[in-house]
Amino acid sequence: VIFCEADECQSDQVMTLSPQPIRLVTPVSDIYLSSRIETWLRRLDGQSSKCVWERGSIPLRERERLSSVTYLEDRLRKDAQLKEQLNMICQAAWQALNLPSERPMQVSINLITSDRQHTVCAYPDLESEERSCSRDESICSHVVARESELSASYHSADAFLKTYAQFTNSTSPSTIRFYVGKPLSLKGQVIGTLCCYSSMNVQLQRGHQVLLDHFVRMIEAIL
């Protein structure tokens, strides 16, 4: 197992030693190391069953990107009005999609830090605002890595969400069967996503995609 600092994971020296090094964010605690090793072991479990979850790669300008993320996190801690504006947009996006389902779609705004996915706001499951996950386990990290939209369904040919479900050990009805993530930019860097997902098989129409793009522009204008 190769541990390295986040911005060194793509270096030639590290990649020669291990094609999938584990990100190491300092300072390091025993709990943090344990969680990273657990993630690595779960990746091996996936490989043994020919279902491998690939984490999102690290953008070339990761230092600049993380600087923008830190700037926004600091603003969110100090500016309650900004947080409320983002909450309102998140709720409006959910209402605009208006897709009937027994288990409704979730809409959230997420930031990708050096090691975590931080949910800034979410609707209608407001409790998810307190949740976060490892960057290695984040679907939204793939949006940040590619700096473009990511759409996936459980039955798509690339088996992206099926692989994710196995890697995270999720079971029905909590399994994500639909996901679309739009990149959010600040100071020229993709800092996170506006995403929507559901445990139901959902088909967005072109009008829904246009609405999501509109909400992305609103969020970026506020930021």
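**Close-up views of a predicted model**

**View 1. Gly188 in the E7–E8 loop.** Gly188 is exposed, with a relative accessible area of 67%. This is a predicted model. Gly188 belongs to the loop that links E7 and E8. Its C-alpha lies 9.2 Å from that of Glu64, although 124 residues separate Gly188 and Glu64 in sequence.

**View 2. Lys187, with a positive phi.** Lys187 is not a glycine, yet its phi is positive, at about 55°. Most residues other than glycine have a negative phi. Lys187 sits in the loop between strand E7 (178-186) and strand E8 (189-198). Is Lys187 buried or exposed? Its relative accessibility is 58%, and the cut-off for exposed is over 50%, so Lys187 counts as exposed.

View 3. Glu147 has a relative accessible area of 48%.

**View 4. The cis peptide bond at Pro124.** Tyr123 and Pro124 are joined by a cis peptide bond, with omega near 5°. Most peptide bonds are trans. Pro124 lies in the loop between strand E4 (116-123) and strand E5 (132-134).

**View 5. Helix H4 against helix H7.** Helix H4 (residues 80-97) packs on helix H7 (residues 206-222). The axes are 10 Å apart and meet at an angle of about 175°. The two helices are therefore roughly antiparallel, as angles over 145 degrees count as such. Which residues of H4 meet H7? They are Leu82, Gln85, Leu86, Ile89, Ala92, Ala93, Ala96 and Leu97. From H7 come His208, Leu211, Leu212, Phe215, Met218, Ile219 and Ile222. By class, the contact has 13 nonpolar, 2 polar and no charged residues. Residues three or four places apart on an α-helix point the same way, because there are 3.6 residues a turn.

**View 6. The largest cavity.** The structure holds 2 cavities of 30 Å³ or more. About 40 Å³ of space lies in the largest cavity. Leu72, Leu76, Leu86, Ile109, Leu111, Val120, Leu184, Ile191, Ile219 and Leu223 line this cavity. Helix H3 (62-78) and strand E3 (106-112) each give at least two lining residues. The lining has 10 nonpolar residues, no polar residues and no charged residues. Leu86 and Ile219, both in this lining, are also among the residues where H4 and H7 meet.

**View 7. The second largest pocket.** This pocket holds about 150 Å³ of space. Its lining has 13 residues. Which of them lie nearest the centre? Ser153, Phe178, Val202, Gln203 and Leu204 do. E6 and E7 each contribute at least two residues to the lining. By class, the lining divides into 6 nonpolar, 6 polar and 1 charged.

**View 8. Helix H6, mostly covered.** How many of the 8 residues of helix H6 (residues 160-167) are buried? The count is 6. These buried residues are Phe160, Leu161, Thr163, Tyr164, Ala165 and Phe167. After H6 comes Asn169, with a positive phi near 60°.

Conventions: Residues are numbered from 1 along each chain as its sequence is written. This is a predicted model: local features need pLDDT of at least 70, side-chain atom pairs count only at pLDDT 80 or more; totals for chains, interfaces and linings use all residues. Side-chain values use heavy atoms; hydrogens and water are left out. Helices (H or I, at least four residues) and strands (E, at least two) are DSSP runs, numbered from the N terminus. Buried means under 20% relative accessible area, exposed over 50%, partly exposed in between (1.4 Å probe, protein chains only). Axes are lines fitted to C-alpha atoms, for helices over the stretch in contact, and angles run from 0 to 180 degrees between N-to-C directions. Angles under 35 degrees count as roughly parallel, over 145 as roughly antiparallel, 65 to 115 as roughly perpendicular and the rest as oblique. Contact means heavy atoms within 4.5 Å. Ala, Val, Leu, Ile, Met, Phe, Trp, Tyr, Cys and Pro count as nonpolar, Asp, Glu, Lys and Arg as charged, and the others, Gly among them, as polar. On a 1 Å grid over the protein atoms alone, a cavity is a set of points where a 1.4 Å probe fits but cannot get out, and a pocket is an open set with protein on both sides within 12 Å along at least five of seven lines; lining residues have an atom within 4 Å of a point. Grid points are joined across faces, edges and corners, and a volume is the space filled by probe spheres set on the points.
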